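Please read the following briefing alongside the sequence and the coordinates on display. Its topics are one chain's fold, one contact between chains and one residue's surroundings.

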Amino acid sequence: MIECLSCGRQQEPSLICAECGSPLAAQFDCFAALGLPRRLTIDLDALERRYHELSRKIHPDRFASKGPKVRDASLRATATLTRSYRTLRDPVARGLYWLELNGEKLAENNKRVPVELAELVFEVQEQLAEMQLSSDPEEAVERATEIAARRIELQFKMDEALVELDRNFAKWDESADQKMLTLELKTTLSNIAYLRTLIRDVDRALENSKAA
Amino acid sequence: MARIFGIDLGTTNSLIAAMENGEPRVIAVGENGSALLPSVVAIAPDSAVTVGERAIEMEPHLTVERGGRVSAVGFAGGEYGAVIRSAKRYMGLGGDEIAPEDRARYMFADLSGPVVRFQIGKRVFTPSQISAEILRALKGSAERAFGNNENEKVERVVITVPAYFNDGQRQATKDAGRLAGLEVVRLVNEPTAASLAYGLNKMATGNVAVFDFGGGTFDISILSIKEGIFEVLATNGDTHLGGDDIDRALVDWLLAELPETLKLDRHVWNSARMAAEDAKKRLTDVAETDVVVELPGHSIRKHLTRDALEGLAAPFIARTLKRCELAIADAKLTPDNIDAVVLVGGSTRMPLVRRRVAEMFHREPLCSINPDQVVALGAAVQASVLMGTQGDMLLLDVVPLSLGIETMGGVMERLIHRNTTIPTSVAEGFTTAVDNQTHVDIHVLQGERELAKDCRSLARFKLGPIQAQPAGVPRIEVTFLIDANGILNVNARDERTGREHSVDVKPSYGLTDDEIERMLEEAIDLGEQDLEERLLISARNDADQILGALRKQLGEFGRLIDAGERARMDEVAERVEAARTGADRELIAKLVEELNEVTTPFAERIMDAAIKLALEKKSVEELS
Amino acid sequence: MAYSDKVIEHYNNPRNVGSFAKDEKGVGTGVVGAPECGDVMKLQLKISDNGVIEDARFKTFGCGSAIASSSYVTELVKGKHIDEAMTIKNTVIVKELNLPPVKIHCSVLAEDAIKAAITDWRKRKGDDVAVEEPAKTSKEA
């Protein structure tokens, strides 16, 4: 239970006081912050509407002339709302958050990298290293072109993984076999993480080579 | 409830605006009834302050007087008083962050400290203090415009800042407001403010890009507008890129043939800058023009075409476009997803800027609201939102730069990513590394680079005292919260006891609260001096200035005058000296004028000689 | 935060970077990932017939902590018997390198990589067949 600083009412954690409508600086889960049921599949348009609606009610701009306590509550409540919205809007962040809610750790019993993916990582990283080491400008351009092609391939794999993630979400919402699904979800999220790091490194290297 | 005003504290000009009958309006503050107050502050050796147009007149420059004589006028800088323009460029910077080309422009006090300080007379001034003078002038003029009505005091304000301002620059802006005796209810990003001014009537829906190219800063913001919610998706920019840079390139071109020593002369440089600025403005409407800089006995006359100007400006504009690409990518959009492009800032008047922006976004940019006023108008709209008189309108802005902490090997660990909607917070757990450690040091950084040394240091925190325990046992949760102004707040809590920890903040740059208090006291002292006394002090300073300059020049160039002339000068100088100890300011002013008169031919000869010498030297160098 | 010179040294000049030839005798390979940060690490051990680790190589394309952890652990296992190496805990690495909490997973990665490499060696030795080699051999970066 938390207490509203404006009217003193004791209530269940929420961002808005049920009695007087003041913002409440409570810490709680992202789904509850946005008043959504705990489901992995989310209608993004509805999520945005809900976020805007709540922002209108609790944003610090609405309390600019109020006392410091209410202003502080509004600030913290809005920070919670913003963070919750960003977490749920991005499917990867949402998936990771879901594991956390279920007391799971992404890395637990999940160290193995699929052979094909590991091969890809090392291959691309070697290519990046070669590009950075090549002193001949012509060769560097050639390498950069190769890597740019690789970048497209990686994006394709990333898109596939995100589709897979959506599938994991839908399955979870419909099924009860959570043990199996946890493993699948973890695998998909890890693969996305490896790809994301690789893509980040590729983009950085391409950016550097462009600058040079 | 007192009205909240909107202030655009610009690099070149500043404005104040307020809502009138549901419409934002700028308030006339300039002497000629203009809404623009030049962001120029002149400080006499006694610290008497002049702001705006009249401060520009006091800038060191060359002037052509009756009879075609060219003479040097204005505060020369340092002990002779100084005129500071573009103070915004220095806001929130540490001494070590001053660019080399800026070092030559002003006299700085010790640059090793965490705050830039201008040395003027016997005092030092921080950029926040200079900006506070501009804010004070805006406040005074606005209150006068309302007929000094007791109910129309300017006390609560919204101040705009470049979207790409970092934490330190924002803090310095807030400090300026405080030093001017204002309550800064909110800092608003300039491009976002502009979007509010545009979106007010139409309540448009769609994606908008705001291209804000001002005198000293560049911002690009991408917003999504939906039913009165203005949500910034991404922002990017450069706080040291503006029309000033184009002017400087023009000055370099204008003065290219002059020897280095003359180029650096504050009088010559400023005169060239004024000529460059005028020429740039003329070329908005005409295809070619002549640029003239009158030096004593020598004038620089060059022909400038718009094409040539565009050639000089192109690299700077290319840099703005690069920033646009990054912002669009961060917003996860393409240029074709942008429904409207809005131009803000005086530098967007350049035809080349308009062409390049149109090419980039595949559409003609909007500029129906005066680009000099749109930010101030938007600030007034935001002020009205804060007063609760703007219905459902709400602004959701972002933090422009990532925030993180220094970890192993000097690596930056990102906690809050750039373009995260604010307010936002993140909690991070900390523990001790050795047994019985009583403090944990945290170094907070802002920036996008991987290494801590390449990011900007925001502050160092010391957590503790922590109860002596084995390493790794204490659990301290530190919450980093960025408020709606984009400014960081930190607090720490012991996870086991639930007790709040004290956080000893040491900002890496900027002023401490104590320093601000001290400055406030000093400012009040100055404010209380009565007008008559100020004028007297000002007259004495004029006397000191001319006497000092004369002595110096007689020492160096005494050979250029004959005995008769010398005797007259000495005689008038003595009378000035005698009058300055008295209290008759009109007499002092009259004698100073007289001394000015008798010394003018001498001053001209000195300038002629210097230029001739320099030009001869140059041509010898060229020949050899 | 203060770090020992040793850590900085491992970070700046990592030891034992590289790979052994694909089919070299007595080599066990472990490929593990840290999904928290997306780093992938390959660690190879050259192990004598009686189970003593003679040499080690690693490749990590990741953050500084991951590189320092792998570098340190390759030094640590050299000369040790595999049974002893199997008992190395990530806490040793954390303590030695003074890793901050946010980087503890890097030490876990190094611990797991050793275990995976030894398991791979045992499997190869037992079956005497080539197991899949995840990365192509190439010149050292």
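The points below concern a predicted model and are grouped by topic.

**Contact between chain B and chain A**

- Chain B contributes 31 residues to this contact and chain A contributes 22 residues, and the area buried between the two chains is about 2300 Å², with 47% of that area coming from carbon and sulfur atoms.
- Four salt bridges are counted between chain B and chain A, and one of them joins the side chains of B:Arg186 and A:Asp61 at 2.8 Å, N to O.
- There are also 13 residue pairs in polar contact between chain B and chain A, with both residues at pLDDT 80 or more.
- On the side of chain B that touches chain A, two or more residues come from each of β13 (183-189), β16 (229-238), α11 (374-386), β20 (394-396), β24 (420-421) and β25 (424-430) of chain B.
- Sorted by class, this side of chain B holds 13 nonpolar, nine polar and nine charged residues.

- B:Ser402 sits in the loop that runs between β21 (398-399) and β22 (403-407) of chain B, and it counts as buried because its relative accessibility is 1%, where the cut-off for buried is under 20%.
- Apart from neighbours within four places in sequence, the residues in contact with B:Ser402 include B:Met412, B:Arg414, B:His417, B:Leu445 and B:Glu448.

**Chain C**

- Chain C has five helices and three strands, which follow the order α-β-β-β-α-α-α-α along the sequence.
- Of its 141 residues, 55% count as buried, while the accessible surface of chain C comes to about 6000 Å², 50% of it belonging to carbon and sulfur atoms.

Notes:
Residues numbered from 1 in each chain as written. Chains lettered and ligands numbered in written order. Predicted model: local features only at pLDDT ≥ 70, side-chain atom pairs only at ≥ 80, totals over all residues. Heavy atoms only, no water. Helix = DSSP H or I, 4+ residues; strand = E, 2+ residues; numbered from the N terminus. Buried < 20%, exposed > 50% of the residue type's maximum accessible area, 1.4 Å probe, protein only. Areas by Shrake-Rupley, 256 points an atom, 1.4 Å probe, with all protein chains shown as cover. Contact = heavy atoms within 4.5 Å. Buried area = accessible area lost by both parts, 1.4 Å probe. Polar contact = N/O pair within 3.5 Å; in protein donor to acceptor, adjacent residues only side chain to side chain. Nonpolar A, V, L, I, M, F, W, Y, C, P; charged D, E, K, R; others polar.
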